[in-house]
Amino acid sequence: MDSGLDASAHNCEASASPAALALVAALASPISYTLPEESAAFKGGPGVDVVKNNCTACHSAAYINTQPRAAKDKKGFWQAEVTKMIKVYGAPIEDADVARIVDYLATTY
């Protein structure tokens, strides 16, 4: 049964030029880049590893350092911030990590 295509249409690779294949290979190669030096670091304390594992996927410790310090209800403030990161920005934070992150931030910052 004839599909209406000739045999050359089934073998595109055989007709691609070496330059075209090199271009495709170059575009498909992983990109490597060097990140700048960290300008801020998370303060040590219980829960710092959970914070590093969850929060640094999207931003540096410097972001946390820019948050207001005069919040009367630090725990409530940080709970709202973590909730915003999850619900508004789509942070993939496990429910089990939320309380540990909030406690660390409220205690440390």
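Student: Among contacts in the chain between residues at least 6 apart in sequence, what percentage join residues at least 24 apart?

Tutor: In this predicted model, 52% of those contacts join residues at least 24 apart.

Student: Which elements make up the chain, and in what pattern?

Tutor: The chain has six helices and zero strands, and along the sequence the pattern reads α-α-α-α-α-α. Of its 109 residues, 25% count as buried.

Student: What makes C55 buried or exposed, and what makes C58 buried or exposed?

Tutor: Buried means under 20% relative accessible area, and exposed means over 50%. C55 has a relative accessible area of 11%, so C55 is buried. C58 has a relative accessibility of 60%, so C58 counts as exposed.

Student: Why are helix 3 and helix 6 called roughly perpendicular to each other?

Tutor: Angles of 65 to 115 degrees count as roughly perpendicular. The axes of helix 3 (residues 48-55) and helix 6 cross at roughly 110 degrees and come within 9 Å. The pair is therefore roughly perpendicular. Helix 3 passes helix 6 in a left-handed crossing.

Student: Which residues of helix 3 and helix 6 meet?

Tutor: V48, V50, V51, N54 and C55 in helix 3 meet D97, R100, I101 and Y104 in helix 6. By class, this contact of helix 3 with helix 6 comprises six nonpolar, one polar and two charged residues. The buried cysteine C55 thus belongs to the helix 3 side of the contact.

Student: Why are helix 5 and helix 6 called oblique to each other?

Tutor: An angle must be over 145 degrees to count as roughly antiparallel, and 65 to 115 degrees to count as roughly perpendicular. Helix 5 (residues 74-87) and helix 6 (residues 95-108) pack at about 135 degrees, with their axes 9 Å apart. The two helices are therefore oblique. Helix 5 passes helix 6 in a right-handed crossing.

Student: Which residues of helix 5 and helix 6 meet?

Tutor: Helix 5 contributes K74, K75, W78, Q79, V82 and I86, which meet V98, I101, V102, D103, L105 and A106 in helix 6. This contact of helix 5 with helix 6 divides into eight nonpolar, one polar and three charged residues.

Technical notes: Residues numbered from 1 in each chain as written. Predicted model: local features only at pLDDT ≥ 70, side-chain atom pairs only at ≥ 80, totals over all residues. Heavy atoms only, no water. Buried < 20%, exposed > 50% of the residue type's maximum accessible area, 1.4 Å probe, protein only. Axes fitted to C-alpha atoms, helices over the stretch in contact; angles between N-to-C directions. Helix = DSSP H or I, 4+ residues; strand = E, 2+ residues; numbered from the N terminus. Parallel < 35°, antiparallel > 145°, perpendicular 65-115°, else oblique. Left-handed = near helix turned anticlockwise from the far one by under 90°. Contact = heavy atoms within 4.5 Å. Nonpolar A, V, L, I, M, F, W, Y, C, P; charged D, E, K, R; others polar.
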